[in-house]
Amino acid sequence: TGDTFNPKIGIRYQPIKEVLVRGSANTGFRAPTLYEIYQPLSTTFTTDNYDDPVLCPGGTAVAGASAGVVCGQQVLQRLGGPGGIGQPIDSLKPEKSRAFTLGLVFEPVTNVTLGFDLWQIKIKDLISPLPEQAVFGDPTKYAGKFTRCSQIPATGPGITRDDIDACTGFPAIGFDPIAFIDAPTENLGELHTSGIDLSAAWRSGATPYGNFGVNMEGTYVTKHEYQRFKDGPFINAVGRYSDNAPVFRWQHVLTGTWSSGPWAATLGQRFKGGYTDQDGVNKVDNYSVFDFAGTWSGVKNLTVTAGIVNLFDTDPPLSVQNTTFQRGFDPRFTDPLGRTFTLRLAYKFF
């Protein structure tokens, strides 16, 4: 992929013991992996459902076409890197980035530490398969990415009509459905994101009742815009379900700890802010889950930990996403199991 020069400059300034200022500015570089370059051709279904832009415009099947085949269906997409589909391997350029951070850490009182870090990242020439949303979002521009049943052979090496359910019975079915779309790995557009990392910690020190502590780590995203394709319009994804996943505006982990002799306990909260769902209408609620764990280490080399995950038996918030096979919630960010009990015993022999 050639060579690159990526400098980084950092600052650290501590005018007094209780205050620290820090920051950095740098460029970055990510060469495409061997798999991204040489990924062989393969097919998989799109994550979302789509209407055939020719045979089901506006969600209504044209005369002679079966709505169960051309309307609201997952479609096969063909994936592959440039080296796997016969294109020059140097057609895939590296990603390049610029990043900037500026932060402040200070201790307003003894045993309390607060941190604020501003960050901004810009990435160009993102390496990824062409998003299915881009292909179906502008079928005129990407007309060459659609392959219909009439364009693939009935028999022979490679993909045939018999391999594709949508082409079953073609041409006797009387219409020409989409066989697959092409979504090759290529350099797409840019990503611009920025936000604030916040942290806070309190430590009690030794007391007659043990040692106590509280710690919080959170991130507030102020901007997250990206292009689905080079020179395309920027899509604002903050607080919204965008393409295949949501971008949370705020999320944090809050932890309280206590320890005394062989005993210790932890109570934690995992929080993710709500967002506008995939349909653009439903509002997914905030998701807050508390976990508890207690530990005893009164015997040498033995540690016993008992815990409760999702202490208050919180259900996942309603989501109408259809990217995953699960429905009614998003299993990637929420847990449908409810309250769960755990027990762990660990013994060190040496």
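I'll start with K230 and D125, whose side chains meet in a salt bridge at 3.4 Å, N to O. By salt bridge I mean a side-chain nitrogen of Lys or Arg within 4 Å of a carboxyl oxygen of Asp or Glu. This pair links distant parts of the chain: K230 sits in the loop between β12 (210-227) and β13 (234-236), D125 in the loop between β6 and β7, 105 residues apart. Helices (H or I, at least four residues) and strands (E, at least two) are DSSP runs, numbered from the N terminus.

The model is predicted: local features need pLDDT of at least 70, side-chain atom pairs count only at pLDDT 80 or more, and totals for chains, interfaces and linings use all residues. Residues are numbered from 1 along each chain as its sequence is written, and side-chain values use heavy atoms, with hydrogens and water left out.

K230 is partly exposed, with a relative accessible area of 45%, while D125 counts as buried at 8%. The cut-offs are under 20% relative accessible area for buried, over 50% for exposed, and partly exposed in between, with a 1.4 Å probe and protein chains only.

D125 also meets the side chain of K93 in a salt bridge, at 3.8 Å, N to O. K93 lies in the loop between β4 (76-79) and β5, and D125 in the loop between β6 and β7 (127-129), so this pair ties together parts that are 32 residues apart in sequence. K93 is partly exposed at 38% relative accessibility.

The structure holds 10 salt bridges. Another one of them joins R148 and D52, at 2.8 Å, N to O. R148 is in strand β8 and D52 in the loop between β3 and α2 (67-70), so parts that are 96 residues apart in sequence are tied together. Both ends are buried: R148 has 14% relative accessibility, and D52 has 3%.

Next, the sheet that contains β8. Which strands form it, and in what order? It is an open sheet of 4 strands, in the order β3-β4-β9-β8, with mixed pairing. β3 (42-45) and β8 (146-148) stand at the edges with a single partner strand each, so one side of each has no neighbour in the sheet. Neighbouring strands here are turned by 30° against each other on average, direction ignored; the axes are lines fitted to C-alpha atoms, for helices over the stretch in contact, and angles run from 0 to 180 degrees between N-to-C directions. β8 and β9 (residues 178-182) pair in the antiparallel sense over 3 bridges, and T147 stands opposite F180 in β9. Two strands count as paired if DSSP finds at least two bridges between them.

Now β5 (residues 95-106). It pairs with β2 (residues 19-30) in the antiparallel sense over 12 bridges, with R30 opposite E95. R30 and E95 also belong, with E36, to one network of salt bridges that share partners. β5 pairs with β6 (residues 112-124) too, antiparallel over 11 bridges; there A99 has I121 as its bridge partner. The hairpin of β5 and β6 has 5 residues between the strands, and N111 takes a positive phi near 75°.

Last, W202, which lies in strand β11 (residues 191-207). W202 is partly exposed, with a relative accessible area of 37%.
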